[in-house]
Amino acid sequence: MAQKKEHQLPDILATGIVAKSGLFTVESLDLKFSNGELRKYERIKGGGRGAVMIVPLIDDDTLLLVREYCAGTHDYQLGFPKGLIDPGEDAMQAANRELKEEAGFGAKSLTELKKVTMAPSYFNAKMHIIFAEQLFTESLLGDEPEPLEVVRWPISQWQTLLTQADFTEARSVAALLLAKEHLISRAN
């Protein structure tokens, strides 16, 4: 196992806004590293509250996924339900709300598997990966422009899921592997 080396964070000498849209703020950073090196970095500022991705298990061997339109790739992608944490919510409350909005189920049991970052070199965003069990039917109106396709997938066929042409989102792949490991460790 690799030892973690102590690092001194660079000093932020100046910040500025490079661009701003309805979704993103791009910030410039003038940095001075501990060795005296000066550099300019840019980063996308995250919203602060974070987001959740839910891995729902409807029974002992069936996952729930959703297929939805993704503007970044301009196609439909298969992945796990996800969304932002709203003001006043914690990750578990957000996970249950998003599960109800996107898949039409709530969960009696929620377990956080891991908090992950997305592109930390230039994006300050965190996502909680939540494992959901003991599901019950309940729907909430979400903010999706069209109904999402809910897809049931046998977890015993997780390797086949990895080969699906529309299952490409790295966060969903990581969530699948974390859930698989969680189930294995729980069985032992």
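## Ground rules

Two strands pair if DSSP finds at least two bridges between them. Helices (H or I, at least four residues) and strands (E, at least two) are DSSP runs, numbered from the N terminus.

This is a predicted model, where local features need pLDDT of at least 70, side-chain atom pairs count only at pLDDT 80 or more, and totals for chains, interfaces and linings use all residues. Residues are numbered from 1 along each chain as its sequence is written, and side-chain values use heavy atoms, without hydrogens or water.

## Strands around β9

Strand β4 (residues 51-59) runs parallel to β9, joined by six bridges. Here Pro-56 has Ala-132 of β9 as its bridge partner.

Strand β8 (residues 105-117) runs antiparallel to β9, with 11 bridges. Lys-115 stands opposite His-128 in β9.

## The largest pocket

A pocket is an open set of points on a 1 Å grid over the protein atoms alone, where a 1.4 Å probe fits, with protein on both sides within 12 Å along at least five of seven lines; lining residues have an atom within 4 Å of a point. The largest pocket is lined by 49 residues. Nearest its centre lie Leu-23, Phe-24, Gly-83, Leu-84 and Arg-171. Elements giving two or more residues to this lining include β9 (126-137) and α3 (170-187).

## The second largest pocket

This pocket has 17 lining residues, and Leu-29, Arg-43, Pro-120, Ser-121 and Tyr-122 are the closest to its centre. Strands β2 (25-32) and β3 (38-44) each give two or more residues. β3 gives the most, with three.
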